[in-house]
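Here is a short report on one protein model. Look through the sequence and the structure first, then read on.

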Amino acid sequence: MLTDGNIPPYPLSLRLKPQENPFFMKIVLLAVGEMKEPPLRELMQRYASRIPHYMPFEAVSLPDVRARGISEDEQRRREGEAILGRVAPGDTVVLLDERGREMTSRELASFIDRKASTLARNLVFVIGGPYGFSPAVYDRADMKLGLSRLTFTHEMARVLTAEQLYRAMTILRGEPYHHD
């Protein structure tokens with residue numbers, strides 16, 4: 001706790017160790033399917049292991065529901081049920097969507113800081129399956145976020161999202177990882 005009246009340049013939500021964080025917000029990266037490419041899986045693990053030093057974090061892989069003979073709509077519906085089954089009523093859900101709002105790294109950091117100051121639940125970033133999200137998942141979403149106007153594989157999207165979450169934490173802490 002601070003007793004000398006000096007306030008660090010980073011927000012209260014990041015001044016405490018994750019287990020001492022009074023806001024109890026956890027960041028969850030929820031994605032459909034497993035990561036099969038070893039180099040991308042290693043990168044994902046590298047960033048995912050760094051984020052909990054700043055804020056509670058969990059990366060969740062949902063089972064791939066691809067099956068012979070099911071339509072794209074049916075696959076989206078099944079994936080949607082799995083996604084919604086992992087989202088609690090008080091969670092803020094952010095879909096990673098090609099038509100979503102694009103942010104700078106500093107804007108993402110500010111968004112996370114605002115949520116950490118007001119949420120008592122999870123901030124859930126969701127990466128859907130190959131055909132996108134079901135209408136039910138879109139209806140539940142609080143926001144759509146676009147990583148870029150470019151198209152990435154789902155595995156690359158996971159790595160990029162994890163890296164940006166880590167980058168946001170370092171921005172909020174005033175650490176030298178991010179350079180404008």
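Start with a pair of charged side chains. Arg 167 and Glu 163 form a salt bridge, with the closest N and O atoms 2.8 Å apart. A salt bridge here is a side-chain nitrogen of Lys or Arg within 4 Å of a carboxyl oxygen of Asp or Glu. Both residues lie in helix α6, four residues apart, about one turn of the helix. Arg 167 is buried, and so is Glu 163. Buried means under 20% relative accessible area, exposed means over 50%, and partly exposed lies in between (1.4 Å probe, protein chains only).

This is a predicted model: local features need pLDDT of at least 70, side-chain atom pairs count only at pLDDT 80 or more, and totals for chains, interfaces and linings use all residues. Residues are numbered from 1 along each chain as its sequence is written, and side-chain values use heavy atoms, with hydrogens and water left out.

The structure holds 12 salt bridges.

| Pair | N to O distance |
|---|---|
| Arg 77 and Glu 74 | 2.6 Å |
| Arg 77 and Glu 81 | 2.3 Å |
| Arg 167 and Glu 163 | 2.8 Å |

Arg 77 and Glu 74 both lie in helix α3 (residues 72-85), three residues apart, about one turn of the helix. Glu 81 and Arg 77 are four residues apart in α3, so about one helical turn separates them. Is Arg 77 buried, exposed or partly exposed? Its relative accessibility is 38%, so Arg 77 counts as partly exposed. Glu 74 has 21%, so Glu 74 counts as partly exposed too.

**How α2 meets α6**

Helix α6 covers residues 154-173. The axes of α2 and α6 come within 9 Å and cross at roughly 25°. Axes are lines fitted to C-alpha atoms, for helices over the stretch in contact, and angles run from 0 to 180 degrees between N-to-C directions.

Which residues make the contact? From α2 come Leu 40, Leu 43, Met 44, Tyr 47 and Arg 50. From α6 come Glu 155, Met 156, Arg 158, Val 159, Ala 162, Glu 163 and Tyr 166. Contact means heavy atoms within 4.5 Å. By class, eight of these residues are nonpolar, none is polar and four are charged. Ala, Val, Leu, Ile, Met, Phe, Trp, Tyr, Cys and Pro count as nonpolar, Asp, Glu, Lys and Arg as charged, and the others, Gly among them, as polar.

**Lys 36**

Lys 36 sits in the loop between β1 (26-32) and α2 (38-50). Its relative accessibility is 58%, so Lys 36 counts as exposed. Neighbours within four places in sequence aside, Lys 36 is in contact with Arg 41 and Glu 155. Lys 36 and Glu 155 are 119 residues apart in sequence, yet 8.1 Å apart in space, C-alpha to C-alpha.

**The whole protein**

The protein has six helices and five strands. Helices (H or I, at least four residues) and strands (E, at least two) are DSSP runs, numbered from the N terminus. From the N terminus on, the order is α-β-α-β-α-β-α-β-α-β-α. Of the 180 residues, 46% count as buried. Among contacts between residues at least 6 apart in sequence, 83% join residues at least 24 apart.
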